[in-house]
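The tour below concerns aromatic rings and the charges placed over them.

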Amino acid sequence: MRCGVLRFPGSCDENDALLAAGRVADAEIVSYRERDLHGVDAVIVPGGFSYGDYLRAGAIARFAPIMEAVIAFAREGGLVLGICNGFQVLCEARLLPGALLPNAGRRFVCRQVRLDVVNPHTPFTAACAPEAGSPPGAGAGAREPESASGATLGAKPPHTPPTLSIPAKHSWGRFYAPEETLREMAGSGQIVLRYAEGQSFNGSVGGVAGVSNRAGNVFGLMPHPEHAVDELTGSADGLCIFESMRRAAQGDG
Amino acid sequence: MAEAALPGLADALALGLRESEYRLICERLGRAPNTVELAMLSLMWSEHCAYKHSKRLLKTLPTEGEHLVMGPGENAGAVDIGDGLICAFKVESHNHPSAVEPFQGAATGVGGILRDIFAVGARPVAVLDSLRFGEPDAPRARYLLDGAVSGIGHYGNSVGVPTIGGEVYFEGPYADSCLVNAMALGIAPRSRLMSSAAAGPGNLLVLFGATTGRDGIGGASVLASAELDLGGEGKRPSVQVGDPFEGKKLMECSLQLLDERLVLSLQDLGAAGLTSSASEMASKGGVGLEIDLVRVPLREADMEPFEIMVSESQERMLCVVAPERLPAVLAVCESWEIEGAAIGVVTDSGHVRVLRGATLREGTLEGGSLLADLPVGLLVDDVPTYGLDPQRPQRPLYPDAPATLAADASPEQMLLALLASPNIASREPLFEQYDSLVQSRTVRRPGAADAAVLAIEPLRGGGATAPLPGLAVSIDCNGRRVAADPYRGTIEAVLECAANLACVGAEPLGLTNNLNFGNPEKPQIAWQLEEAVRGLGDACRALSVPVVGGNVSLYNEGPAGPIYPTPVIGMVGRLPDVARAGRLGFAASGDTVALVGPFSPSPVASELAKLQGRPLPLPHLPPHPRPLPHLDFPDAMAAIRAVREAVRSGEISSAHDIAEGGLAVALAECCLAGGVGATVAIPAEIAEDPLARLFGEAPGGFLLSGPADALQRLAEHTPLRTIGTVGGATLAIEAGGAGSGARIELALSELAGAHGMLAGLLG
């Protein structure tokens with residue numbers, strides 16, 4: 001798989017996404033100025049503060065030259081992953097339903113959170129179920145990162161959704177969609193990740209942390225899987241997102 | 001020079017110059033300076049830019065060391081970190097702007113220190129901050145805290161540089177004069193290291209980044225060099241406004257210019273704007289500069305020449321470029337969508353000359369009107385330095401803090417009160433407002449270990465089994481202890497940083513410092529400053545750690561008096577393998593707990609003494625002993641080395657140094673961080689009084705946990721006492737003989753409840 005990671009002025013986590021995707025595939029940076037994706041197999045819209053996010057997170061990046069190509073790529077079924085600011089950009093571009101509002105507490109929060117994989121059958125989460133032969137460190141049983149609070153996650157009972165320990169860091173991460181839209185999304189498997197009980201700090205409706213489009217090929221989430229790919233930095237649970245994409249792109253998912 | 005009415009002495013005084021300084025300027029120039037020149041000189045001769053009261057003392061600090069690559073004098077110092085890489089780092093204050101407008105003051109403090117780092121060619125990889133506010137029961141202290149923390153996060157988070165650590169203290173003497181010090185680290189290939197010395201007459205001076213506006217006019221002299229009146233709101237127009245988006249583009253653009261070797265020297269614009277940057281570049285290079293103001297991209301059309309020369313608009317850099325490289329330089333600027341313009345030339349005149357409407361032809365400016373013509377030496381080197389008139393205070397300088405702890409409090413109540421005291425409570429509610437993860441290097445996040453740990457190279461995976469070297473950073477200073485004993489208190493701050501590094505397995509490479517003090521013209525403050533610098537020098541020599549650079553912030557006082565003397569120390573070290581970086585939390589039930597190092601705790605100037613409302617001791621009067629406990633450097637060094645080697649061996653489970661709140665608080669912190677209890681008996685021999693054993697403070701002590709035999713190996717090098725066992729869900733401490741009552745038994749949940757009190761302050 002060749003994975004293109006977009007870079008807007010003000011992107012911050014593009015190199016992290018490049019390194020994370022690079023662990024399972026070839027990955028390269030694609031400038032916002034380009035109008036062509038040069039044949040990549042998947043696109044990552046990374047985190048950061050594109051154009052400073054002074055207007056509304058993602059609102060300007062959505063009009064960057066490269067986005068026309070991304071929208072066309074997504075319409076043709078190409079895999080598009082939006083992380084944090086990238087999720088905001090994809091919502092602004094109407095590739096994903098809903099919107100992201102300022103956190104309930106009105107503050108930027110950087111915190112390790114546990115996520116329930118509500119839909120483990122998407123091209124972005126298929127490798128996250130423990131029984132699916134997960135890559136090293138991914139999925140259930142991975143060590144909790146150290147934290148000042150010292151809370152550790154006990155063994156999970158069987159038959160519960162896989163959970164991932166991944167950091168989230170944002171000030172505009174409160175997912176919102178009208179009730180009817182949410183119901184539709186839930187019915188069609190578009191709600192892919194929810195914050196585990198007591199883990200949401202942003203006030204997202206229904207604890208939604210990550211959603212896909214109806215076709216399932218576009219996925220956005222506020223937490224940062226690219227910052228959870230190595231036990232040395234706290235957790236490797238996020239690696240399964242990239243591994244899922246690789247399998248889907250190569251048709252061995 | 002065409003100038004209708006020359007400014008006079010009264011104008012010079014209004015701009016902050018002394019009469020003697022103005023007369024000296026007139027004498028050296030052979031005439032009175034005009035308006036533009038006086039504005040430039042008043043800033044260059046300000047305390048903030050010229051270190052008039054501290055320069056002589058700073059010269060006594062050791063600046064040489066085995067790992068030193070670049071010492072004081074450049075935008076940031078640098079040390080060798082192996083594999084052809086250097087780490088550049090520096091701490092700088094933004095105290096006065098933050099007291100006026102905490103959000104922008106702190107944000108631009110971060111922006112400024114980041115520019116210092118990439119000006120020397122290093123990519124910023126981490127920010128830390130050191131903050132001081134008044135007691136948080138005052139709404140103003142909470143407003144300043146909230147604003148400063150938000151401002152640091154706003155800038156650091158938006159530019160993609162992780163904020164990986166810091167410290168904050170709340171004390172009455174900071175109520176009117178808060179401190180906001182920001183430290184940054186960067187990494188660069190040694191070959192990319194860049195100087196700010198301008199070179200080569202005929203080369204061009206290029207200004208790039210944000211446009212120049214009226215923000216921050218006179219910031220260096222108005223704000224940073226005089227005591228603030230209460231309600232400094234009237235000075236708000238002098239506070240700079242930060243734009244992290246512009247800062248991020250400027251950083252990427254600067255690093256690309258250096259990578260492509262397009263510039264000959266690089267300097268950021270900070271205090272005193274273009275005036276200071278141009279003067280410093282010319283002074284370091286032994287050259288002159290000519291600037292044509294018409295070529296400076298402006299934010300506002302009708303700016304006066306002096307305003308353009310002293311504007312402190314943020315996110316600007318100045319570089320020297322060979323004429324044939326100009327198109328390439330401007331193309332890189334354009335690619336990052338930032339302004340760039342050739343505004344002047346390097347000359348061999350030894351003067352900074354400011355022109356308007358000149359023609360740029362073959363590396364020279366011709367014609368135009370001459371607005372200012374000042375020898376570089378007058379701007380930079382001729383500034384008088386002032387000796388201090390130090391006098392040890394005979395009376396207390398600081399009002400006594402009221403007791404907040406009942407006189408008959410039990411040891412358990414004392415421990416809970418200490419854990420809940422703002423100086424000790426968990427920093428998590430503050431740290432989690434910062435992105436500590438971006439750049440994929442952070443191996444120990446804030447709160448996980450005594451020092452933050454970064455992998456030098458971003459982690460890539462690939463099953464590499466070779467050791468991954470890392471950097472460890474700590475920033476520290478307990479101003480109350482420095483107030484009690486400026487010499488020993490400063491030594492303690494240095495030892496504390498070294499101890500923090502040892503706890504993650506790192507060896508110090510260099511340190512930076514920010515000397516925050518009151519008005520040095522007052523003899524007692526001068527004494528504090530002199531004693532602190534003496535302590536800093538002695539500690540650095542004992543540790544063989546050079547001072548690579550730093551900053552001085554004086555006149556931190558308000559109507560209620562001076563701040564505590566606060567020499568903030570930032571220390572950077574290296575560890576051979578981040579996979580073995582130490583943690584502070586107890587990790588495994590059954591592990592042995594050991595008290596390591598020469599530790600003789602005393603209640604003097606401790607956090608408990610503060611809660612009990614005990615006055616700070618007066619600095620010593622011979623033949624009385626000094627107030628703070630004595631520690632021989634060789635003993636301290638032996639403990640630090642032993643702990644470092646134990647952590648590096650990978651055989652022990654946790655390491656934590658004993659600081660505020662003493663042994664009992666350190667034990668509670670280890671339990672809370674690890675989510676597991678412990679049962680401990682403190683040996684009577686460490687202090688006579690059981691309460692001092694529990695809560696007394698002194699440098700030199702560490703708490704380690706791990707297998708008993710691994711710990712026992714430390715005993716060859718430093719005192720080691722086995723004091724207990726990890727396990728359970730309570731912390732039980734026996735500190736006296738049977739029946740003494742000096743006993744603590746508290747559930748982890750009770751400890752956690754007290755430790756989490758800061759969250760409530762932030763609303």
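Begin by selecting Tyr32(A), which is buried at a relative accessible area of 10% (buried means under 20%, exposed over 50%, partly exposed in between, with a 1.4 Å probe and protein chains only). This is a predicted model, in which local features need pLDDT of at least 70 and side-chain atom pairs pLDDT 80 or more, while totals for chains, interfaces and linings use all residues. Residues are numbered from 1 along each chain as its sequence is written, chains are lettered from A and ligands numbered from 1 in the order written, and side-chain values use heavy atoms, without hydrogens and water.

Then select Phe245(B): Tyr51(A) and Phe245(B) form a tilted aromatic pair, with 6.2 Å centre to centre and 45° between the planes. Rings of Phe, Tyr and Trp (its six-membered ring) pair if their centres lie within 6.5 Å; planes under 30 degrees apart count as stacked, over 60 as edge-to-face and the rest as tilted. Phe245(B) is buried, at a relative accessible area of 12%.

Now show all three residues together: ring pairs join Tyr32(A), Tyr51(A) and Phe245(B) in a cluster.

Two charges over rings complete the tour; the criterion is NZ of Lys or CZ of Arg within 6 Å of the ring centre and within 35 degrees of the ring normal. Select Arg62(A), which lies over the face of Phe63(A) at 4.5 Å from the ring centre. Finally, centre on Tyr386(B), where the charged end of Arg18(B) sits over the ring, 3.9 Å from its centre.
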